[in-house]
Amino acid sequence: MKSTLSLVLFLSMVTSTIAQNKVDSLRSALESASGANEKVKTLILIADQYQNPNDKLVYVREAYALSPEASDENKIRAANKMGVCHGMLGQIDSSKFYFNKALEASLISQDSVFISSAYNGLGNLSRISGDLDGALANFLNALNYSDAVPNRQWEADILTNISGVHFDLKNYETALEKVFEARDIYESLNDEKNISYTANLLAIVYRALGELDKAFLYNQEALQMLLEIRDTTQIIYNYVNTTEILIQQNQFDKAAEHALKTIKLADQFGERDPHITSLLTLSSIYYRQGKITLAKKYAEEGITMAKRFEFNGQLPNAYMLQSLIESAMGNYLDAYKWTELRQAANDSIRSREIADKISELNVQYETKEKENEIARLNAEQEVKSLELEQAQTRNFFLSTLAILTIIVGAVIFYLYRQRMKINRQLKAVNHTKDRLFSMIAHDIKNPLSAFKSIAQALDENYKSMSEDQLNLFISQLDTSSSKLLDLLQNLLEWSITESGSLRFHPEKVKLKEVANEAIELFKGASDAKQLTIENKIDESEEVTADYKMLFSIIRNLISNSVKFTRVNGRISIESKPNGQLIEIVVADDGQGMTPEQVTNLFDKNSVTDKDGTGLGLVLCKEFVEKNGGNIWVESEKGSGTTFKFTLKRAA
């Protein structure tokens, strides 16, 4: 279901193959292009020729860097493409940032086509993040503006997205209604490919409603159309859905035939996800039929493939299936081993979640599931013992009883160790939660109180205020909201690092572009204090680093400089080659620090003081070291502060 009904986030924006001749032609056009508008358009056209998002991002970033000098339309187009590329790379925060940039500019220019596109992108990001209400609101906004898009397929695509959200919300009747609306549009356009997709979707929704006969009919309709247009990927997923329908109808022999057909086709065309799913489904079918040897064979193949191609989400159910199979074969100790592996796989998946409360509830849930599973296995052992008691002599019974006693002792010892392990994990989670809540209570209080006081003063007195007073109060609101946003961003990144789910994706990055993007975030605050921020980094300087981490490092250092630099002060950012490294320097002429403050600046255990949590600098240290560099500070009270860190130069 998930692989079929969930919209592929930016499918319509990616070409299936790279037309090399066209790329060469466009590059030649770029060399002769004059003016920012022509260059931005050409760079985006080149990016559209690539499938790999990293390849696309090289050209889109260059287009975005040129866009301030281009027309409003090209500014929006470049921001939109940045959102697309970061979304394809799974960089949700960055993708939202650029889509919001595109949306803001589109609303100002009243360009309905780009407004609809931005809302659709934000809807997909909300759905990926699990914010289904936010996703639905964004998709409905996209639909409201879709009339301006000449191609009616766009409206149908949005309706399909809305249907997917309603399906996730279990509003199956509404999901069905939206699929039919999209289908009517595709039929009016004679769009055979998308008509076949809607038939697949209808089969899925009807299956969720329990109307299996309708589900089967639409599934077969989709299959005939897919065979005609030779869409191999969707044919494979159609077979997967057919197998599930047949299982629900208890037609296990036919279901096994479809699963085998899916396995063969998926292997031929390299579709790993349905291949693994079908191996495990086939194993489950054979398990239900009592064909334990065959069930074990296909379960082992599914587990091997899932590990090889890192489909870790498939492993917990695969391990559970293997545990049931071993239990049915009487191999109870092996069954315990698979149960333990399932728990470990689930723990690994849960470790990527950053919400402390959700993590805690998941641990409790999985613990309960483990206890229930062990209880079930113990019950099976008891039944087996009774059967042996009826068939064997008293002496053999005593031997069996002795063995069972050892097993029970081992199980009790195992459960004791597991409980101790879980208790330690829960204590660590609670400790992290307490520290986080303490920091939030301490740091949000001041800017939030200031925000409330200023807003209240504006509400009560704005009619009697002069324009200068209003501008002052609005500037203070902007400063308070910036502090809150900066704090929440650091808290989010800190929670990710603390949960152990931080991902590291090094790539070649243009240093000056990252610094420019970070400087842009603080334009309002720096203008309010009349600060001068100079980016002296050479255009050609490139480093090998995780883009998101590098952006966070520079953002936090600039934020500190803006915060502690006096009115009319100066902030500079520059880079110096140092062998195979590049040294980046962020310097200000602000109030500076005492030696005591410098000593504890990057200490994780000293993150709360009168000026804030200091989480930003702790994150800077962790992110710099993650990228293979070092960070240090040079400061003297009253004489400004200079932060320096190193990164690897790009080859």
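**Figure 1. Helices H14 and H15 meet in a left-handed crossing.** In this predicted model, local features need pLDDT of at least 70 and side-chain atom pairs count only at pLDDT 80 or more, while totals for chains, interfaces and linings use all residues. Residues are numbered from 1 along each chain as its sequence is written, and side-chain values use heavy atoms, with hydrogens and water left out. A crossing is called left-handed if the near helix is turned anticlockwise from the far one by less than a right angle, and right-handed if clockwise. Helices (H or I, at least four residues) and strands (E, at least two) are DSSP runs, numbered from the N terminus. Helix H14 covers residues 252-269, and its axis lies 9 Å from that of H15 at an angle of about 155 degrees. Here axes are lines fitted to C-alpha atoms, for helices over the stretch in contact, and angles run from 0 to 180 degrees between N-to-C directions. H14 and H15 are therefore roughly antiparallel (angles over 145 degrees; under 35 is roughly parallel, 65 to 115 roughly perpendicular and the rest oblique). On the H14 side, look for Phe252, Ala255, Ala256, Ala259, Leu260, Thr262, Ile263, Ala266 and Asp267. They meet Pro274, His275, Ser278, Leu279, Leu282, Ile285, Tyr286 and Arg288 of H15. Sorted by class, the contact of H14 with H15 holds 12 nonpolar, three polar and two charged residues. The classes are nonpolar (Ala, Val, Leu, Ile, Met, Phe, Trp, Tyr, Cys and Pro), charged (Asp, Glu, Lys and Arg) and polar (the others, Gly among them). Contact means heavy atoms within 4.5 Å.

**Figure 2. Helix H13 also packs with H15.** H13 spans residues 232-248 and H15 residues 272-288; their axes come within 10 Å and cross at roughly 20 degrees. That angle makes H13 roughly parallel to H15. The crossing of H13 and H15 is left-handed. H13 brings Ile236, Tyr237, Val240, Thr243, Glu244 and Ile247 to the contact, and H15 brings Asp273, Pro274, Ser278, Thr281, Ile285 and Arg288. The contact of H13 with H15 counts six nonpolar, three polar and three charged residues.

**Figure 3. Helices H11 and H12 pack with their axes 8 Å apart.** The angle between H11 and H12 (residues 212-229) is about 160 degrees. H11 is thus roughly antiparallel to H12, and the crossing of this pair is left-handed. Among the H11 residues in the contact are Glu192, Ile195, Ser196, Ala199, Ala203 and Arg207. From H12, the contact includes Leu212, Ala215, Tyr218, Ala222, Met225 and Ile229. By class, the contact of H11 with H12 divides into 13 nonpolar, three polar and five charged residues.

**Figure 4. Zooming in on Ser196 of helix H11.** Is Ser196 buried or exposed? Ser196 has a relative accessible area of 0% and is buried (buried means under 20% relative accessible area, exposed over 50%, and partly exposed in between, with a 1.4 Å probe and protein chains only). Leaving aside residues up to four places away in sequence, Ser196 touches Ala222, Met225, Leu226 and Ile229. Ser196 and Leu226 sit 30 residues apart in sequence, yet 6.3 Å apart in space, C-alpha to C-alpha.

**Figure 5. Two asparagines, Asn190 and Asn568, show a positive phi.** Most residues other than glycine have a negative phi. Asn190 has a phi of about 55 degrees and lies in the loop between helix H10 (172-188) and helix H11 (192-209). With a relative accessible area of 60%, Asn190 is exposed. Asn568 has a phi near 70 degrees, and its place is in the loop between helix H24 (547-564) and strand E4 (570-578).

**Figure 6. Cysteines and the protein overall.** How many disulfides are there? The count comes to zero, where a disulfide is a pair of cysteine sulfur atoms within 2.5 Å. Cys85 is buried at a relative accessible area of 1%, and Cys620 is buried at 0%. Stepping back, the protein has 26 helices and seven strands. Of its 651 residues, 46% count as buried. Among contacts between residues at least 6 apart in sequence, 66% join residues at least 24 apart.
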